[in-house]
Amino acid sequence: MQPRNMSMSGVVDLAAVKAAQEAKAKAEQARAEAARHGGGPGAVSPADLVIDVDEAGFERDVLQRSTEVPVVIDFWAEWCEPCKQLSPVLEQLVVEYNGRLLLAKIDVDANQMLMQQFGVQGIPAVFAVVAGQALPLFQGAAGKEQIQQTLDQLVQVAEQRFGLTGLTVDPDARPGAAPQPAEVPAGPYDALLEAAVRALDAGDFGGAVQAYRNVLSDDPGNSEAKLGLAQAELLQRVQSLDPQQTRKDAAEKPGDAQAQIAAADLDLVGGHVEDAFGRLIDTVRRTAGDERDTVRLRLLELFEVVGADDPRVSAARRALSRALF
């Protein structure tokens, strides 16, 4: 069976934005607590990076740990020959990531409920849990290089969107010692970023926009602030829309750039990513001059919201190039 690659950028909605911000806040709080208590009993050993997990320990070993480090899940069975080829590769790679990933091995024969909850149709199947959110990675056998590319992407998403930097690994640590979050120096923008999170939680999207802009005015390359600003601006725009009227206007005025832009915002917040991109690309084809440039810029903003790593963004960029040239 060929591996089926899956996107790691979920649909864009209020719950997803809030979950990401809350997960980052929890991870930062965990690191702060560990620092206040002297860092606990020590770092983990390399042997602690690969664990067997069952239904009884899933919440503790996967869900709770996923607020500190991305947890890769390997669904396997003793009778599965492809599993016997894939599992050692996963184990080796996770150890090489030196604490930035944790591997949880789940025997599907002994844990049928977990298999059903994840919607596993066949094994081997590999998922990840990041800040309590499940992400399908691939199904079936895969080569080491392809797996490494997927894990690189997972680590990047976990760090940039959720602030998860992993665990401290000490080769001399005693196996089974309690894991400690990696030390992360407090940045100069923590207070502003926390203010943005609080504003989002309160539904004050304008306040969140301003807080993120304050960070970017001093640090234009701050990835967390760039992503947060794109999301907050989108939510702020949608907050003032009448969905029914917006849809009606877009249907009646296919050549109206502003009507299509507003409908595309609604599409994206509702999780209809490809519809949003397709709508604006079609509008680029139908417009010219300043109007076309306005539509193009909004499309680029929506790319920021979804994330450059999402294959739907890559496909839409190619379609936009064809529409422009």
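Here is a walk through the structure, from the overall make-up down to a few local details.

Keep in mind that this is a predicted model. The protein contains 13 helices and 5 strands. Of its 325 residues, 48% count as buried. If you take the contacts in the protein with a separation of 6 or more, residues 24 or more positions apart account for 71% of them.

Let's start with the strands, and with strand 3 in particular. Strand 3 covers residues 102-107 and is mostly covered, with 5 of its 6 residues buried. What does strand 3 pair with? Strand 1, at residues 50-52, is joined to strand 3 by 3 bridges, and the two run parallel. In that pairing, isoleucine 51 stands opposite alanine 104. Strand 2, at residues 71-76, also runs parallel to strand 3, and here 6 bridges do the joining. If you want a spot to look at in this second pairing, find aspartate 74, which stands opposite lysine 105 in strand 3.

The phi of asparagine 98 is near 55°, a positive value in a residue other than glycine. Is asparagine 98 buried, exposed or partly exposed? Its relative accessibility is 47%, so asparagine 98 counts as partly exposed; the cut-off for exposed is over 50%.

The peptide bond running from isoleucine 123 to proline 124 is cis, with omega near 0°. Why point out these two places?

Helix 9 (residues 243-252) and helix 10 (residues 257-269) have axes that come within 8 Å and cross at roughly 130°. That angle makes helix 9 oblique to helix 10, because roughly antiparallel would take an angle over 145 degrees. As for handedness, helix 9 passes helix 10 in a left-handed crossing.

Which residues meet there? From helix 9 come Pro243, Thr246, Arg247, Asp249 and Ala250, and they meet Ala259, Gln260, Ala262, Ala263, Leu266 and Asp267 in helix 10. Sorted by class, the contact of helix 9 with helix 10 has 6 nonpolar, 2 polar and 3 charged residues.

Terms used. Residues are numbered from 1 along each chain as its sequence is written. This is a predicted model: local features need pLDDT of at least 70, side-chain atom pairs count only at pLDDT 80 or more; totals for chains, interfaces and linings use all residues. Side-chain values use heavy atoms; hydrogens and water are left out. Axes are lines fitted to C-alpha atoms, for helices over the stretch in contact, and angles run from 0 to 180 degrees between N-to-C directions. Helices (H or I, at least four residues) and strands (E, at least two) are DSSP runs, numbered from the N terminus. Angles under 35 degrees count as roughly parallel, over 145 as roughly antiparallel, 65 to 115 as roughly perpendicular and the rest as oblique. A crossing is left-handed if the near helix is turned anticlockwise from the far one by less than a right angle, and right-handed if clockwise. Contact means heavy atoms within 4.5 Å. Ala, Val, Leu, Ile, Met, Phe, Trp, Tyr, Cys and Pro count as nonpolar, Asp, Glu, Lys and Arg as charged, and the others, Gly among them, as polar. Buried means under 20% relative accessible area, exposed over 50%, partly exposed in between (1.4 Å probe, protein chains only). Two strands pair if DSSP finds at least two bridges between them.
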